[in-house]
Amino acid sequence: MAFAFFCLLFVLVATNLLVSGNDSPNYNRIYPQEYVDSLEDKLTLQQKQIDFLVQQVSELSKVSKIQRSEIDELKNEKRNRLLAVSERKRSHVSVQNQWSVQIDEETIDNTANNEDQSVIRNERLLIPNPQTTHLPKTNLVAFYAYMSQDFPNPGASHTLVFDTVVTNVGSGYHSTTGVFLAPETGVYVFSWSMRLANGEYHQAELVHNYQVMGVAYLYAPTGDHTVSETIVIHVNQGDDVYLRTQGGPNNGDIESGTGGRSIFSGWKLN
């Protein structure tokens, strides 16, 4: 459209020049005055038309600049949106990969934990019983052990080891693993205590052949606190019994020292 206006403007200017070129000192001598006046009127009209067209071209030029600016802004907005969409896609893929890695790690941890439990159970059968003072043959079975020092932050589902053995009649308790392997079938009493301090909290559960039989929970907001638990269960020869932290939240060390011990004990009733 702007090109058409430029063409029309060129034609009108050329016509004006041609007509003006005929305006010589002898022009009034050749043509009548009426004709001259008519030509001047036409030239005046054409000049007005030219001025109008020039104004229109100027306005179109301004509109064209504004439109180009708007087009550039739309292009920039489109580019920014495409970049934002691309960034969201990358973030989504990254989150999916992280979630997949997290799921894989959890699966590996659970599998490893189950395998470790199986290996520990098999190792218990190979560990020689600790040497104790020889006693006459009897069906008496009893043990008592405690932690010689603090148990550092055991975390969740961790077997608790009471490394110092005071009594081990029947040689059923293994201080290296913290597991009691029943030498005889019978009804047993098991007792344990746990000492915590200054914001520590733990859940110590007694496990019989992978089945939880009892739990002692303690939260020590300030100072020293001790919790104890006692249960009575039937145990077959070869069954294992041990203490471990629960799989839920646990925090801090399990305290044991001259000011108070964390202990594990058990004895056969019949």
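Okay, hi everyone. Quick housekeeping: this is a predicted model, so local features need pLDDT of at least 70, side-chain atom pairs count only at pLDDT 80 or more, and totals for chains, interfaces and linings use all residues. Residues are numbered from 1 along each chain as its sequence is written, and side-chain values use heavy atoms, with hydrogens and water left out.

Let's get the overview first. The protein chain has 3 helices and 10 strands. Both kinds are DSSP runs numbered from the N terminus: helices are H or I with at least four residues, strands are E with at least two. Reading from the N terminus, the order is α-α-α-β-β-β-β-β-β-β-β-β-β. Of the 270 residues, 31% are buried, where buried means under 20% relative accessible area, exposed means over 50%, and partly exposed is in between (1.4 Å probe, protein chains only). And if you take contacts (heavy atoms within 4.5 Å) with a separation of 6 or more, 73% of them are between residues 24 or more positions apart.

Now, the rings. Rings of Phe, Tyr and Trp (its six-membered ring) pair if their centres lie within 6.5 Å; planes under 30 degrees apart are stacked, over 60 edge-to-face, and the rest tilted. That gives 12 aromatic pairs here. Take Phe 143 and Phe 180: they are stacked, at 4.9 Å centre to centre with 15° between the planes. Phe 143 sits in strand β1 (residues 142–146) and Phe 180 in strand β4 (residues 179–181), so this pair ties together parts that are 37 residues apart in sequence. Are these two buried or exposed? Phe 143 and Phe 180 are both buried.

Next pair: Phe 162 and Phe 264. Their ring centres are 5.7 Å apart and the planes meet at 45°, so this one is tilted. Phe 162 is in the loop between β1 and β2 (164–169), while Phe 264 is in strand β10 (residues 263–268), 102 residues apart. Phe 162 has 1% relative accessibility, so it counts as buried, and Phe 264, at 0%, counts as buried too. All four of these Phe residues belong to one aromatic cluster, together with Tyr 173, Tyr 188 and Phe 190.

So what is around β1? Strands pair if DSSP finds at least two bridges between them. β1 pairs with β2 in the antiparallel sense over 5 bridges, and Ala 145 stands opposite Val 165 in β2. β1 also pairs with β10, antiparallel over 5 bridges, where Tyr 146 has Ile 263 as its bridge partner. In β1, 4 of its 5 residues are buried.

There's also an open sheet of 5 strands, in the order β3-β4-β9-β6-β7, with antiparallel pairing. β3 (173–174) and β7 are the edges, each with a single partner strand, so one side of each has no neighbour in the sheet. Inside that sheet, Phe 180 has Val 241 in β9 as its bridge partner.

Last stop, the core. A nonpolar core is a set of buried Ala, Val, Leu, Ile, Met, Phe, Trp, Tyr and Cys residues joined through side-chain atoms within 4.5 Å. The largest one has 28 residues, and Phe 162, Phe 180 and Phe 264 are among those touching the most other members. Which strand gives the largest share? That's β5, with 5 residues.

Thanks, that's my bit!
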